[in-house]
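Please look over the sequence and the model shown here before reading the report.

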Amino acid sequence: MTAQTKPDSAEIEIRDLSKVFGQGAAAFRALSEINLQIRTGEFFTLLGPSGCGKTTLLRVIAGFEQPSTGSLRINGKEVAGLGPNARPVNTVFQNYALFPHMTVAQNIGFGLKMQGKPRAEVEATTAEMLSLVKMEAMAERRPSEISGGQQQRVALARALAPRPRVLLLDEPLSALDLKLRKEMQSELKRLQTETGITFIFVTHDQEEALTMSDRIAVMSAGKILQLGSPHEIYHAPSERFVADFIGDTNFLDMAVKAVNGTVAEVTLPGGKPGTARLPEGFLPVLGETVTTVIRPEQVQMVDAGQGDMDAVVDNAVFFGTDTNVHLRLDDGQGFVLRRQNSAETIEPDAGTRMGLRLSPGALRVLKG
Amino acid sequence: MAEAPERHGWKWLLCAPALVVLVTAASGPLLIVVAYSFLTPGNMGGVVWEFTLEAWFRVFFRRDIFDPESITFNQAHLTVYWRSVWLSLQTTFICAVLGFPTAWFIATRPPSSRTLWLFLITIPFWTNLLIRTFAIQEVIRNNGTINTVLLQMGVINQPIQMMYTDFAILLGMAYVFMPLMVLPLYAAMDKLDFRLVEAGYDLYASRVQVLWHVILPLVKPGFIAGSILVFIPAIGAYVTPRVLGGGRTMMLGNLIALQFGQGRNWPLGAALAMLMLIIVVGALVFYLRWANREEARNV
């Protein structure tokens, strides 16, 4: 984890925060022991499956829910107990929640109007925001008269217009089709860079999280499992859940022979020796079986006997740029290998025996 | 294609039951009332089949008994019309002001208990209107509940006159017609997307601002439907003004009933009723046009 930020650069600081819904036997712990620092100007993503608490955490930051315990500071100021209208934070809602009885321009100017800004300023900022999201031509339309992607832009402009310190985005792209979603991803990145506002983005889409974020917090069952850059989260998952949730992964069970600093010497399936990196602060018991993880693209096909492990091809699944080769190792464990395609590559036949060479340092031991 | 018109030739017969109901139950009686308003009153009630405009003339004007040439406006009739419209508008307003928080309360309950609250709202409908009205009388009459309590507490020295006043009629009508406002308002609130309310708070609006700028514009269709449902029966109300207003504060319903009863002037009663219908329909058209123009501007 690389969350060692100086406290003075933290836009949002969350300490020992928990949120419990209901009481007694019906109580549901939606968030527990959340500790988090989000830096100023950062694109921060809360990633997890539905029900993991990511939206609850966002709603606590927005002020729609109050934390049960713990502290929440925005720009150094404790805000627990304050309502959403008293926090320098705006939200882009999942279904946009645009006011249907107002025009696009009125929607965008709403926050400034409620803040009591003079009319001229409201109009000037509205015009500025309209051009920022390229919606000048739609200013007088109603939300019902524009497309989903355009509504998305208006929702963004409305939330950005009051110049919040932090912008919260609750799965804002989930309602868009794939092409539009890709467009909006780069659009969001551009807006974040241009405005310099801290973005907190909630999504269950791991690809979206990897492409857009400066840092990602992977959540499950109300807890943050791992916090780090997209690179760290993808290449160095600390737990099985994180590895499984993000990208395709091979899990291999193997015995530890020796521990050498941060590297464990292991016996690979098939009997050859190998090395696997250890997660920080984790010491496996010698001789015990551990679970290791390796990404499908970090393995190369070689001739049988030439690699670290031998396997037999089950089948090959072609999907354009890549082919996934499903294999069975000699000890019976399943394995997937991803190979990039060129015009010349041919799919290996089922039943072919081949060797697998692991990229150096790619094999990692998981904590749990 | 060639067969199509032929088929339509007999298909309309399928509408016959509906047409029969519409003609006999809705249009028929109305046409009879229209016809009666142009006939001559019979001596013992009823009508004589002789065409005259006398009834319509007497709705607006009156002749001096001793000098048939001296014609004046019929102040009594106009006063009753004006009072009916004014009391009905006030009733609608009271129902809207009190109905809004009531409907809001129900709409914000957990879905499981909403049915119970709606049921409670409609319970008064299950009791006879006359009995409910007498119950109100029991509460507000000079030796009724309110006056007795206030007298015994020493707040007042003599009973407050509440019966036979406009206040009594307003209280009675607001009580009777409240569900007609609450139900459409609730329906509108039930459809309200509460995320819009959250969006309002998120964009720095206070509670009052959210109410004014977000909630009220969005539940306006409920207000429009509720206002129509309350105003129309209110303007023709008979029992409530009769019991709570006594003979002193007469409303249209009572005036019309009087002409068909003791007045023994059926054509005049019919003409008064037709005028009421014209006023209601006119007001409705005007109101809906106004509301729709607002709608076109706002939604």
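Predicted model: local features only at pLDDT ≥ 70, side-chain atom pairs only at ≥ 80, totals over all residues.

Residues are numbered from 1 along each chain as its sequence is written, and chains are lettered from A and ligands numbered from 1 in the order in which they are written. The model scores ipTM 0.81 and pTM 0.80. Chain B has an average pLDDT of 88, with 95% of its residues scoring at least 70; pLDDT is the predictor's confidence in each residue, from 0 to 100.

Two helix pairs are set out in the table. Helices (H or I, at least four residues) are DSSP runs numbered from the N terminus; axes are lines fitted to C-alpha atoms over the stretch in contact, and angles run from 0 to 180 degrees between N-to-C directions.

| Helix pair | Angle | Axis distance |
|---|---|---|
| α8(B) (166-191) and α11(B) (220-235) | about 155° | 8 Å apart |
| α2(A) (104-114) and α4(A) (148-160) | roughly 30° | within 7 Å |

With an angle of about 155°, α8(B) is therefore roughly antiparallel to α11(B), a term for angles over 145 degrees. Among the residues of α8(B) that meet α11(B) are Met173(B) and Phe177(B), and those on the α11(B) side include Phe223(B) and Leu229(B). The residues of this contact divide into 16 nonpolar, 2 polar and no charged, where Ala, Val, Leu, Ile, Met, Phe, Trp, Tyr, Cys and Pro count as nonpolar, Asp, Glu, Lys and Arg as charged, and the others, Gly among them, as polar.

In chain A, α2(A) and α4(A) are roughly parallel to each other, which applies to angles under 35 degrees. Val104(A), Asn107(A), Ile108(A), Phe110(A) and Gly111(A) of α2(A) make the contact with Val154(A), Ala157(A) and Arg158(A) of α4(A), two residues being in contact if their C-beta atoms, placed from the backbone, lie within 7 Å.

Chain A is divided into domain 1 (7-243) and domain 2 (248-365), with bounds from an automatic or database domain assignment. The centres of these two domains of chain A, taken over C-alpha atoms, are separated by 38 Å, and their contact takes 5 residues from domain 1 and 5 residues from domain 2.

Between the chains, 17 residues of chain B are in contact with 19 residues of chain A. The largest share of the chain B side, 6 residues, comes from α9(B), and the residues of that side divide into 10 nonpolar, 3 polar and 4 charged.

Notes:
Parallel < 35°, antiparallel > 145°, perpendicular 65-115°, else oblique.
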